[in-house]
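Please read the following note alongside the sequence and the model.

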Amino acid sequence: MPPKRKGQRNNTRKPSKPDAPLPTNNVVVSGAMSDCKLPEDLMLSILTRLPVKTVQRYKCVCKPWLKLFSTTEFIKMHREQTAKNPQNHSLIIHSIDEDYYHNMSLLNVNSTAEEPTNLVNPFPVIFKEMDLVGCVNGLVCLSCPPFAQMIVLWNPVLSIWKAIRLPNRGIDESMDRISLGFGYDESKDDYKIVRITIFKPDGNSPKNFLRAFAEVYSANLDSWKRVRLSFQFSIIPTRNNVIVKGRPYWTAIIYDPVKMFREVMLWYDVENEVFTHVPVPDYNMHCTKGGRFVEWKSSLAILVYSPTRERDDFVDVVVYDEGKGHWETKSCHGPIRLKMERHMQCSKDGVILAETPEGTLFLYDPVTNAIKEFRIAEAMKTSYEAFSYTESLVSLKGMEKVEEQDKDKFCIKMEDLVID
């Protein structure tokens with residue numbers, strides 16, 4: 001048996017403690033509990049812990065319940081209770097099959113099911129490419145790279161979706177690509193999409209530096225507005241790398257007159273509507289297979305896998321400390337008995353999703369060292385992308401029911417699109 005490493009834990013997961021009854025909100029429960037024999041706070045506590053599909057069925061019990069379950073207050077309370085329960089923590093997985101069709105699957109990390117649940121993907125099949133931008137509070141953002149000609153918000157559990165109206169600005173030859181981010185402004189209960197246009201270098205830019213232009217979509221206002229930039233940056237990916245506490249983060253390059261170009265983690269403050277950045281972690285790329293930025297228990301983190309002889313089965317968790325302003329290696333987990341080609345994501349409670357060199361997916365629990373293997377039928381190796389997901393009752397104005405699409409429809413290849 002290998003020696004115990006620093007930070008390694010082999011104990012079993014402890015069941016979560018029951019929460020105290022929820023405080024009664026008279027605005028929410030008025031009339032809805034009038035015929036109930038149980039105390040209002042206890043009944044509300046029970047209802048906010050029900051699965052989304054059960055709440056949907058209970059809407060037909062009576063009109064007061066239908067009204068209650070549609071209120072912003074109840075939806076928020078239900079969302080918060082659902083997120084607290086580890087049994088509700090899932091991963092949404094995007095994969096591509098041999099016909100280049102984009103499949104979406106939902107995997108509950110604590111379920112005994114051997115395979116993920118297949119979802120009906122609302123993204124129009126006429127587009128050949130699709131990005132999984134991210135998930136926030138049960139909503140999923142999808143887009144069409146590299147110029148985001150189509151943007152979709154989707155609640156897969158409610159099976160409703162909405163195509164987002166694009167800004168008036170079209171696509172022209174000066175553009176290099178468009179990168180999207182997805183976030184949530186809790187102070188205004190508003191879901192936002194960040195659209196960053198990266199332009200090709202011009203005579204006014206430093207050599208080989210690509211300029212940026214930013215716009216933000218507000219779901220509450222159903223409109224876009226420009227965001228002024230206090231510094232110039234360039235982004236390589238066509239979507240955010242990770243979303244932490246409702247804030248999208250990208251790996252980016254900023255222009256520094258002293259150091260010329262500097263790599264940072266750029267993030268958008270959805271409440272104050274400004275961009276800022278933090279340093280990237282300093283780790284030896286020659287001794288690692290790279291890292292994957294994740295939300296690790298509500299903090300920005302990176303999972304680092306080191307495929308050297310003595311460390312090929314361990315994962316380091318490097319977390320950014322906002323208070324101290326630097327990165328710290330919080331823990332090291334392993335040994336992992338399966339060979340990892342890459343780690344892709346982790347759930348809200350830290351269960352890691354990874355892929356083997358053969359294309360098999362597996363979940364690794366760093367607390368118990370347990371491993372669960374699974375496959376997605378017909379998915380091509382290395383085609384997977386994933387984000388942490390928790391179901392919710394969140395819906396937006398204008399959302400419609402998802403309908404099954406004809407997969408045999410001709411798909412438009414991005415290189416065939418003509419840019420005027």
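**Notes on strands, loops and surface**

1. Strands β5 and β6 run antiparallel and are joined by four bridges. Strands here are DSSP runs of E with at least two residues, numbered from the N terminus, and two strands pair if DSSP finds at least two bridges between them. Across this pairing, Ser143 stands opposite Ile151 in β6.

2. The structure is a predicted model, in which local features need pLDDT of at least 70 and side-chain atom pairs count only at pLDDT 80 or more, while totals for chains, interfaces and linings use all residues. Residues are numbered from 1 along each chain as its sequence is written, and side-chain values use heavy atoms, with hydrogens and water left out.

3. To which sheet do β5 and β6 belong? They are part of an open sheet of five strands with antiparallel pairing, in the order β4-β5-β6-β7-β26. At its edges stand β4 (131-136) and β26 (400-401); each has a single partner strand, so one side of each is left without a neighbour in the sheet.

4. The bond from Pro145 to Pro146 is cis, with omega near 5°, and Pro146 lies in the loop between β5 (139-143) and β6 (151-155). The bond from Gly334 to Pro335 is also cis, with omega near 0°. Pro335 is placed in the loop between β20 (326-333) and β21 (342-346).

5. A second general rule concerns the backbone angle phi: most residues other than glycine have a negative phi. Tyr100, although not a glycine, has a positive phi of about 65°; this residue lies in the loop between β1 (89-96) and β2 (102-108). Glu378 likewise has a positive phi, near 70°, and is found in the loop between β24 (371-374) and β25 (385-390).

6. Tyr100 is partly exposed at 45%, whereas Glu378 counts as exposed at 61%.

7. On the surface, Tyr255, Met260 and Phe261 form a nonpolar patch with about 260 Å² of accessible area together. Areas come from the Shrake-Rupley method with a 1.4 Å probe. Met260, in strand β15 (residues 260-269), is partly exposed at 39% relative accessibility.

Terms used
Buried < 20%, exposed > 50% of the residue type's maximum accessible area, 1.4 Å probe, protein only. Patch = residues over 30% accessible without salt bridge, like charges linked within 9 Å, V, L, I, M, F, W, Y side chains within 5 Å. Salt bridge = Lys/Arg side-chain N within 4 Å of Asp/Glu carboxyl O.
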